[in-house]
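Here are my notes for you, in numbered points. Keep the viewer open while you read, and look up each residue as it comes along.

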Amino acid sequence: MADGQPAPPRPVVVVAMKGHPGSGKSTAARAIAAALGWPLLDKDDVRDCTLPLEGLAAAGILNDLSYAVLWRMAERQVRLGLSVVIDSPLSRRAHLDALTRLAGALVVVVECRPGDNEEWRRRLESRGAAVPNGGGSDGWHKPKTWAELERLLEGYQGCTDYEIGDVPRIVVDTTDPAVDAQAIAEKVVGFIRSLLSCSQSSCERQDSPVCYWKPKCTLT
């Protein structure tokens, strides 16, 4: 700075994607990370690498291991003062808690809720059809058919619909044909900037910091 004083530290933000397989969250996450110029940490990148361990450990253990690696990488980035975008289903409250425990970071949840189940199904099964039989490629562990997704969601037993407290959240419909990933990214960037501006001005919000957008958004 011109007066010789060090610049104030930049706020560290953790953008946490949330949504079921095939909901479009990974496409949105990549667009958001590119728009912000922040690192993208994808849980599937870790899980994809566990294929050689499939015969040695249960799928649940390998899934938990993938999350543990993801949280460790996120923690390292935050300690370095770097904001990050984290792509994972965030299907359990414990996953969100792992992020909110990161000291000094503002966690912002971007929840992807497909409004059109037929489009959701088309995307999921189109992606599943591209995965070779027998696995061995990216996404081998993901549900490939709508029936597989339904079984997965049934196994969750409603645990994905948890209260997030005062964690800021923006909810987007990723199946809206009028809205592409770039438009979602622009809205998320604007939402984050509004939160940082509010924080820096020490304002106090009396309402819930949740934004529902399809495609227009107002803070409610």
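1. Let's begin with a term you'll need: a pocket is an open set of grid points where a 1.4 Å probe fits, with protein on both sides within 12 Å along at least five of seven lines. With that in hand, look at the second largest pocket, which has a volume of about 250 Å³. It has 14 lining residues, and Arg-10, Pro-11, Trp-38, Ser-83 and Leu-196 are the closest to its centre. Helix H7 gives the largest share of that lining, 4 residues. Sorted by class, the lining holds 9 nonpolar, 3 polar and 2 charged residues.

2. Before going further, remember that this is a predicted model. The protein has 220 residues, and 45% of them count as buried.

3. How much of the contact list links residues 24 or more positions apart? Taking the contacts with a separation of 6 or more, such pairs account for 73%.

4. Now for the largest pocket, with a volume of about 860 Å³. Its lining counts 38 residues, and those nearest the centre are Pro-21, Lys-25, Asp-44, Pro-89 and Lys-142. Two or more lining residues come from each of H1, H2 (43-48), H3 (59-79), H5 (117-129), H6 (146-156) and H7. As for class, there are 15 charged, 12 polar and 11 nonpolar residues in this lining.

5. Pick out Lys-142, one of the residues nearest the centre of the largest pocket. You'll find Lys-142 in the loop between H5 and H6. Is Lys-142 buried or exposed? Its relative accessible area is 19%, and the cut-off for buried is under 20%, so Lys-142 counts as buried. Leaving out residues up to four places away in sequence, Lys-142 touches Asp-44, Arg-127 and Glu-148. Also check the pair Lys-142 and Pro-21: they are 121 residues apart in sequence, yet their C-alpha atoms are 7.2 Å apart in space.

6. Next, the nonpolar cores. The largest one has 24 residues, and the members that touch the most others are Val-15, Met-17, Ile-32, Val-85, Val-110, Val-188 and Ile-192. Strand S1 (12-18), helix H1 (25-36), strand S4 (105-112), strand S5 (169-172) and helix H7 (181-200) each give two or more residues to this core. H7 supplies the largest share, 8 residues. Apart from this core lies another, of 22 residues, including Ala-16, Leu-41, Tyr-67 and Leu-90.

7. Which residues does Val-15 touch, not counting those up to four places away in sequence? They are Ile-32, Leu-36, Trp-38, Val-84, Val-85, Ile-86, Val-108, Val-110 and Ile-192. Colour them in your viewer to see how they sit around Val-15.

8. Last stop: Arg-169, which lies in strand S5. The relative accessible area of Arg-169 is 13%, and since anything under 20% counts as buried, Arg-169 is buried too. What does the side chain of Arg-169 make a polar contact with? The partner is the side chain of Glu-111, at 2.9 Å.

Notes
Residues numbered from 1 in each chain as written. Predicted model: local features only at pLDDT ≥ 70, side-chain atom pairs only at ≥ 80, totals over all residues. Heavy atoms only, no water. Core = buried A, V, L, I, M, F, W, Y, C linked by side-chain atoms within 4.5 Å. Buried < 20%, exposed > 50% of the residue type's maximum accessible area, 1.4 Å probe, protein only. Contact = heavy atoms within 4.5 Å. 1 Å grid on protein atoms, 1.4 Å probe; cavity = no way out; pocket = protein on both sides within 12 Å on 5 of 7 lines; lining within 4 Å. Points joined across faces, edges and corners; volume = space filled by probe spheres on them. Nonpolar A, V, L, I, M, F, W, Y, C, P; charged D, E, K, R; others polar. Polar contact = N/O pair within 3.5 Å; in protein donor to acceptor, adjacent residues only side chain to side chain.
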